[in-house]
Amino acid sequence: MIGPLEIAANGFATAAILLAGRNSIHTWWTGIVGCTLFGLVFFEAKLYADVILQVFFVLSSVAGWRLWLRGDHGRALGVRSADLRSLAWIVPLGLACAVGYGALLHFWTDAYAPFADSMVLVFSVIAQLLLMKRRIENWPFWLLVNSIAVPLYASRELYLTAFLYGVYWVNAIVAWVRWRRLARLQKDGGTVLAQA
């Protein structure tokens with residue numbers, strides 16, 4: 001059953017995700033509120049990796065908010081591509097971490113779907129770190145996360161959350177295209193900063 005806590009968490013999280021796609025600084029404070037509420041929702045659903053993920057999101061949102069406001073060593077933090085060498089080791093490392101953490105949850109807790117839950121955790125962390133640095137490649141990672149999260153949350157009867165993660169999947173595609181365009185504009189001489 002969809003309760004008021006899940007509705008509120010999804011409302012703030014949806015606002016944050018849509019604002020991130022628009023490159024808006026307001027993504028951060030709305031994300032902090034949404035993630036705090038989601039931490040409680042996931043604890044009740046015994047999705048412990050997702051609880052830890054929400055703590056990470058709150059902390060990284062504070063850091064991301066500060067980074068987007070202040071820039072990178074005094075320079076504006078623009079939208080750009082990640083270094084391909086970095087991405088080449090991030091994916092296998094992410095898979096190894098997800099399997100390791102999934103095994104830990106499997107053997108030591110009563111977690112539901114520990115490996116899928118761990119995949120959501122690990123690749124969300126990667127996507128969030130890329131988002132904080134305004135790297136275009138955060139969006140394909142969000143596509144992966146959302147593809148795993150939709151059936152996982154539906155299986156725990158978090159139907160509203162599962163539905164919205166499907167919407168977030170579409171948003172990730174739209175945002176990916178938008179951020180690529182912003183990076184090209186920036187490369188052609190304009191500075192693309194966070195929008196209000």
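This is a predicted model: local features need pLDDT of at least 70, side-chain atom pairs count only at pLDDT 80 or more; totals for chains, interfaces and linings use all residues.
Modeller: Residues are numbered from 1 along each chain as its sequence is written, and side-chain values use heavy atoms, with hydrogens and water left out.

Biologist: What makes a stretch a helix here, and how many helices and strands does the protein chain have?

Modeller: Helices (H or I, at least four residues) and strands (E, at least two) are DSSP runs, numbered from the N terminus. By that rule the protein chain has seven helices and zero strands. The order from the N terminus is α-α-α-α-α-α-α.

Biologist: How do you know whether the radius of gyration of the protein chain agrees with that of a compact globule?

Modeller: The radius is taken over C-alpha atoms, and the globule rule is 2.2 Å times the number of residues to the power 0.38. For 196 residues the rule gives a value near 16 Å; the protein chain has 16 Å, so the two agree. Along the principal axes, the C-alpha atoms fill a box of roughly 55 × 35 × 25 Å.

Biologist: Why is Asn146 called buried?

Modeller: Buried means under 20% relative accessible area, exposed over 50%, and partly exposed in between (1.4 Å probe, protein chains only). Asn146 has 3%, so Asn146 is buried. Across the protein chain, 48% of the 196 residues count as buried.

Biologist: Where is Asn146, and which residues is Asn146 in contact with?

Modeller: Asn146 belongs to helix 6 (residues 138–155). Contact means heavy atoms within 4.5 Å. Leaving aside neighbours within four places in sequence, the partners of Asn146 are Tyr165, Tyr168, Trp169 and Ala172.

Biologist: What makes the pair of Asn146 and Tyr168 a polar contact?

Modeller: A polar contact is a pair of N or O atoms within 3.5 Å; within protein, one must be able to donate a hydrogen and the other to accept it, and residues adjacent in sequence count only if both atoms are side-chain atoms. A polar atom of the Asn146 side chain lies 3.4 Å from the backbone oxygen of Tyr168. That distance is within the limit, so the pair qualifies.

Biologist: Why is Phe38 called buried, and what does Phe38 touch?

Modeller: Phe38 is at 3% relative accessibility and therefore counts as buried. Phe38 is found in helix 2 (residues 27–44). Not counting residues up to four places away in sequence, Phe38 touches Ala9, Asn10, Ala13, Gln54 and Thr161.

Biologist: What makes Arg75 exposed?

Modeller: Its relative accessible area is 54%, which is over 50%, so Arg75 is exposed. Arg75 sits in the loop between helix 3 and helix 4.

Biologist: Why is Glu157 called partly exposed?

Modeller: Glu157 has 46% relative accessibility, so Glu157 counts as partly exposed. Its place is the loop between helix 6 and helix 7 (159–187).

Biologist: What is phi of Lys46, and what is phi of Ala113?

Modeller: Most residues other than glycine have a negative phi. Phi of Lys46 is near 60 degrees, a positive value, and phi of Ala113 is near 50 degrees, also positive. Lys46 is in the loop between helix 2 and helix 3 (48–70). Ala113 is in the loop between helix 4 (84–108) and helix 5 (114–132).
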